[in-house]
Amino acid sequence: MSTTVAAYAAPSAKAPLERTTIERRAVGEHDVLIEIKFAGICHSDIHMATAGWGEAIFPMVPGHEIAGVVTEVGSGVTKFQVGDHAGVGCMVDSCRECDNCKAGLEQYCAQGNVQTYGAVGKDGEVTYGGYSTHIVVDENFALRIPDGLSLDVAAPLLCAGITTYSPLKHWNAGPGKKVAVLGMGGLGHMGVKIAHALGAEVTVLSQSLRKKDDGLKLGADHYYATSDPETFEKLRGSFDIILSTVSAPLDFGAYLALLKTDGALVNVGAPEEPISLNLFSVIGGRKTLAGSMIGGIAETQEMLDFCAEHGLGAEIELIAASEINEAYERVLKSDVRYRFVIDTATI
Ligand SMILES: [Zn+2]
Ligand SMILES: [Zn+2]
């Protein structure tokens, strides 16, 4: 039997979120019931709740940075026990049969993964996210949160952490590599921490020097303002990897010029409009302009274990559910250091 639980939902596109109730499915054979303790606010939540990325399903309960405690397990569950700390990220299912799923790249499932909220699951029901007190999820799409990580600072790792960890690993960030993180927000601050923990030399490229002290404290070795034209002169040909976390339109040519030969500019943020690029900016120096989207389930677990081992959590501002709408306004103004996290006990 399904259960009725409290949640915060956007009733329609652009409408303020408000308290409501939703149904969570009965705990199936392979499901776990997680009592959600904390849910991060990702910029994607705002894009989705305002239907900024096109058609969306309402009412919508956003939230794909979920951390909590397992309170019930199905009869066939083997990976979790009641009392375990568990998380849910951006997806709750995939086809599990395509080449990508078999390779642990469920995020690139050929049939499309089932997103944690605003999607339709295999059972035909709409998915609801983490701005809620409970969630039921297949154990194969739940993550173990190691004891060394507090649940509040762990929640944002489920999106911001894996979104930066996966490309940094794929493009071999590590000792001897120079990594630039473009943008010092929710994603960027995790990119700095993770790239530093991986052993890379880390440079932050941010619009201004406003957050310089924070950046250096979080593990950056250097910090430059992109509003200063001298930055682009000085850093020409410097980086093995540039991880762009910004979704505003960029002069891609100018950033590609900052790469070494064989360097890669990897986008995890995306401007809404198509870009225009002179291809000579990748031809000279055999450069790569690439993108990356979250990470697979196994890699997300690897990231959580890595973060626990290195003592890495997100920098957060804990808020009550009644402050979600105000928090959205502040995220849009980049006025958060560095992630809002909802205390779901206040829902
Ligand atoms: Zn996200
Ligand atoms: Zn698949």
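**Figure 1. Overview of the predicted protein chain.** This is a predicted model, in which local features need pLDDT of at least 70 and side-chain atom pairs count only at pLDDT 80 or more, while totals for chains, interfaces and linings use all residues. Residues are numbered from 1 along each chain as its sequence is written, and chains are lettered from A and ligands numbered from 1 in the order in which they are written. The protein chain has 11 helices and 17 strands, where helices (H or I, at least four residues) and strands (E, at least two) are DSSP runs numbered from the N terminus. Its radius of gyration is 20 Å, close to the 20 Å that the globule rule gives for 347 residues, so the chain is as compact as a globular protein of that length; the radius is taken over C-alpha atoms, and the rule is 2.2 Å times the number of residues to the power 0.38. Along the principal axes, the C-alpha atoms fill a box of roughly 65 × 40 × 35 Å. Of the 347 residues, 49% count as buried, a residue being buried if 20 or more other C-beta atoms lie within 10 Å of its own, exposed if 12 or fewer, and partly exposed in between, with C-beta atoms placed from the backbone.

Figure 2. The domain assignment gives domain 1 (3-159 + 295-300 + 313-346) and domain 2 (161-291), with bounds that come from an automatic or database domain assignment. The C-alpha centres of domain 1 and domain 2 lie 28 Å apart. Across the boundary, 16 residues of domain 1 are in contact with 10 residues of domain 2, contact meaning that the C-beta atoms of two residues, placed from the backbone, lie within 7 Å. On the side of domain 1 that touches domain 2, the residues divide into 7 nonpolar, 5 polar and 4 charged; here Ala, Val, Leu, Ile, Met, Phe, Trp, Tyr, Cys and Pro count as nonpolar, Asp, Glu, Lys and Arg as charged, and the others, Gly among them, as polar.

**Figure 3. The largest nonpolar core, seen around Val32.** A nonpolar core is a set of buried Ala, Val, Leu, Ile, Met, Phe, Trp, Tyr and Cys residues joined through C-beta atoms within 7 Å. Among the 104 residues of the largest such core, Val32, Ile34, Val179 and Ile242 touch the most other members. Strand 3 (residues 31-40) gives the most to this core, with 6 residues, and the core draws at least three residues from each of domain 1 and domain 2. Setting aside residues up to four places away in sequence, Val32 touches Val70, Val73, Val77, Phe80, Ala86, Val137, Glu139 and Ala142.

**Figure 4. Helix 4 and its surroundings.** Helix 4 (residues 160-170) is mostly covered, with 9 of its 11 residues buried, and these buried residues pack against elements including strand 10 (178-182), helix 5 (186-197) and strand 13 (239-244). Lys169 lies in helix 4, yet it counts as partly exposed because it has 18 C-beta neighbours inside 10 Å. Although Lys169 and Glu299 are 130 residues apart in sequence, their C-alpha atoms are 9.8 Å apart in space. In helix 5 lies Leu187, which counts as buried because it has 28 C-beta neighbours inside 10 Å. Leaving aside neighbours within four places in sequence, Leu187 is in contact with Ala160, Thr163, Thr164, Thr245, Val268 and Gly269.

Figure 5. Most residues other than glycine have a negative phi, and most peptide bonds are trans. A cis peptide bond, with omega about -5°, joins Phe58 and Pro59, and another, with omega about -5°, joins Arg337 and Tyr338. Tyr338 lies in the loop between helix 11 (324-332) and strand 17. Lys14 has a positive phi, near 70°, in the loop between strand 1 (3-9) and strand 2 (18-24), and this residue counts as exposed because it has 9 C-beta neighbours inside 10 Å. Asn172, which is not a glycine, has a positive phi of about 60° and is found in the loop between helix 4 and strand 10.
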